[in-house]
Amino acid sequence: MSEPLLRVTDLQVEFQLARGILRAVDGASFEVQPGEALGLVGESGSGKTMALRALVGLLPRTARIAGGSIEIDGEDIVRADESRRRELRGHSVSMIFQEPMTALNPVMRVGDQIAEGPLVRLGLTRRRARERAVELMRLVGIPDPLRRAEAYPHELSGGLRQRVMIAIALSSDPKLILCDEPTTALDVTIQDQILKLLRSLQERLGVTLVFVSHDLAVIAQTCSSVAVMYAGQVVETGRVEAVFREPRHPYTLGLLRSVPDFDLVHERLSSIPGAPPDLAAPPPGCRFHPRCSFAREDCIHGDFPLLQLEHARATACIHHDVCAEDVRREPVIADA
Amino acid sequence: MPEPLLEVRGLAMHYPLRGGLGRRLRGRAAEVLRAVDGVDLEIVKGETLGLVGESGCGKSTLGRCIVGLEEPTAGEIRYAGELLSAQREKATRRRIQMVFQDPYSSLNPRMTVRQTLAELLRAHEMVPKKQIDARCEELLELVGLPARALDAHPRQFSGGQRQRVSIARALALEPELLVADEPVSALDVSVQATVLNLLDELREKLGLTVLLIAHNMAVVRHVCDRVAAMYLGRIVETTETQELFTNPRHPYTQGLLAAVPRLVPGRSSEAVAVAGDPPSPIDLPTGCRFHPRCPIAQEPLCSERDPVLESGPDRPGHLAACHFAWGEPVPAHVPEIIQEAT
C-alpha cells in the first residue's frame, strides 16, 4: 500500500467553556490514500465538521487542537511552525463550504474570486490568472463562463454558486479538497448535478477528497471509503460498500435502520433510542453503550480503540460479531 | 374514488412584487411571482398524501392556503363539500391544523408547554376549564412526552422533542386534517424516524388525514399512500405511492427519482438526472413549464402547448401533465428499479 496523503492520528479538538472543557473531537484517527475519497459521516455534534476544520486551521477561536497529529504527505502540520503550516495548507489543501452564499465574497466578481488563487498562490500574471479562472469555470460546467465571470454571487443560482466554490477550490492546484456538506443547502436535482461533478473531477484530476456529510447515501455516491463518527470519535471505518452492507458497529447499523432510503429494507423505521451524549461529560466506556441494544457489562468501562478487522476494516465495537450476526439475520440493503 | 375530504380547484397564489412602479408607469403589467398557479388536488379521508417538489415549487404556499394562512388569489378550497375562505369560523379553523418545519422558531420561547396548550384549549373551548390540565397531560402522552415536560420551556427540549410539542399543539384542537410542512427535515437523522413513526401512529389512532409536504422522496415513499409532485406552481403528476415510484410517467418525476442519491453506488444513474436550474416563478416558460429542462421535449409542441393533467388509458387514478405521458416517445431515462415499498 502506498503512503497515505492524509493521516490523522488520535486528533483531539477542545473547546474551553465556562463549565469546563468540551472535547468535540476526542481521539479521531483516519487516513486517505492519494486519489481516494473518504467520507466522514455522523450526526450533528459528532465532531465531523470540527475534525475537518482542524485540518485547514479554521477552528472557532475558542477551540484548539489539544493533541494528535495531522500528516499531509508525511509532514505533521500540528508540530510545524506557523509559516510552514500556512504554506502547507495554502498549497495543498482547499475547502468547499456548505453555504456558497456566505462563503463567497458578495462584493467581488466571481471571476476575480477564482483568479485570486492562481494570482497569489501560483504567481500567474493578472491576465493569465483571469484566463485560468475562465478555464476553471468551464471545467466545473458553468455555461457561458466569459460572461458569468463578470457576475456577482447574488446574480447566480445556488447550483452555479456551488460550482464557483468548486472552481475556487481547484484554482490553486490542491492535492486535497475538503468538502463540508457541500450539497446540504441544495435541491435534490442540483445536489445530483454537484455530486456527479465532484465525482468526475475527482476521477479526471486525481485529487483526493475528504467529504463530510450526515447523509449516508451522499457519502456512498461520492466516496470509496468511509469513517463513521460518534460523539467525537471514529467508531467504524472501511470501504463504503462493505460498511453499509455489513456494518460492524451498532451505531452504523442503527443509522442504516433509521433512515428512509430506496435501497434499505424496513418494515418500520426503527430509531436509535435516546440522544447523543453531552460531550462535556461523555459516558464512561463505549460512548454509544447507553443507546446500544447489544451493550453488555464489559461495554461500560475501559477504552474502545479501533480494532482492525479483515479487508482493511476497523470497528470500535468489541461485540462486532453480534452486530454482524444481526445483519446476517436481517439484511439492511435490499437486493436489486 | 370515495368522496374527498378536501378538494382544491384551480387554486392560485400570486404575489405582486414591489418596485413595479416604473414598469407600470411605462404601461407594462407589474411583475408577479406565481407561487401556486392553477392547482387541482383532492385528499381522501384517512389517507396520507405526500406533496413533493423542489424549493420554490409552491408546495409550502399550497399548504398554507389550505390551512388558511394565505388568502389565495384565485380558485377554491372545499372541505367536506363546504367552501372555505382564509377568514374562517373558529370551528372550521380548528379542523385543519399545521405542523411547521422548524420547531425552533414555531414555538413561543417564553411560554411553557402547558401555557401553549392551555391557551388553545381555552380559546377554542375544547374541554371544560377544570379538565384543561388533565387534557394537557393526555396530549403530551399522545406524542410520547412525560407529563413533567408540561412546565418546561421550548429551549429545554431537543429538536425531536420540540417537534413532538408542535404536534401536540396541532392535536390540541382535535383536527381532522393535519398539514405537516417538512416536519423532519430540521431534525437529525436518527431522530427523524421517531417523528415519522409518531405521525403514522397518530393517524391510525385518531383517524387523521395527513398532507405531508416534503422534498425527501424516500421519506414520502415510506409514509404516504398517495403522492403529488409539483413543479413551478403546478401539480405535474399524482398517483398512488407504489405506482409513482415504479411507473413514473412525467419526465420531471422520473428525474426527481433518479436524482436521489443511492446507498448502493451502482444503483444510481451515470447521467445527470435533471439538467439546469429551475426557472424563476416570476418569468415562467411558455407551454409546458418543464420543457427547458426536459430530456424528451419536442419543438414546437412543448414550448407552445400547456399539457393538461390527465389520467392514463387504463390507469384511472394516475394523472400526469406531459404531452408524452401516455404515448410515444418513450421516456429518455427511467430510474433504476426501485424496491417495492414494504
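The entries below go from the contact between the chains to single residues.

**Entry 1. The contact.** I noted at the start that this is a predicted model. I then looked up how many residues each chain gives to the contact. Chain A gives 42 residues. Chain B gives 35 residues. I got 21 nonpolar, 12 polar and 9 charged.

**Entry 2. A helix pair across the contact.** Two packed helices are described by the angle between their axes and the distance between the axes. I looked up both values for α11(A) and helix α7 (residues 189-206) of chain B. The angle is about 40°, and the axes are 8 Å apart. So α11(A) is oblique to α7(B), because angles under 35 degrees would count as roughly parallel and the roughly perpendicular range starts at 65. I recorded the crossing of α11(A) past α7(B) as left-handed.

Which residues meet here? From α11(A) I found A:Gly254, A:Leu255 and A:Ser258. They meet B:Val189, B:Ser190 and B:Ala193 in α7(B). By class, this helix contact has 3 nonpolar, 3 polar and no charged residues.

Entry 3. Most residues other than glycine have a negative phi. A:Asp10 has a positive phi of about 50° and is not a glycine. I placed A:Asp10 in strand β1 (residues 6-17) of chain A.

A:Ala231 also came up, with a positive phi near 50°. A:Ala231 sits in the loop between β9 (225-230) and β10 (233-239) of chain A.

Is A:Ala231 buried or exposed? I counted 24 other C-beta atoms within 10 Å, so A:Ala231 is buried; the cut-off for buried is 20 or more. For A:Asp10 I counted 13 C-beta neighbours inside 10 Å, so A:Asp10 is partly exposed. A residue counts as exposed at 12 or fewer.

**Entry 4. A cis peptide bond.** Most peptide bonds are trans. I looked up the bond that joins B:Glu299 and B:Pro300, and that bond is cis. Its omega is about -5°. I located B:Pro300 in the loop between α10 (251-259) and α11 (301-304) of chain B.

Notes: Residues numbered from 1 in each chain as written. Chains lettered and ligands numbered in written order. Predicted model: local features only at pLDDT ≥ 70, side-chain atom pairs only at ≥ 80, totals over all residues. Contact = placed C-beta atoms within 7 Å. Nonpolar A, V, L, I, M, F, W, Y, C, P; charged D, E, K, R; others polar. Helix = DSSP H or I, 4+ residues; strand = E, 2+ residues; numbered from the N terminus. Axes fitted to C-alpha atoms, helices over the stretch in contact; angles between N-to-C directions. Parallel < 35°, antiparallel > 145°, perpendicular 65-115°, else oblique. Left-handed = near helix turned anticlockwise from the far one by under 90°.
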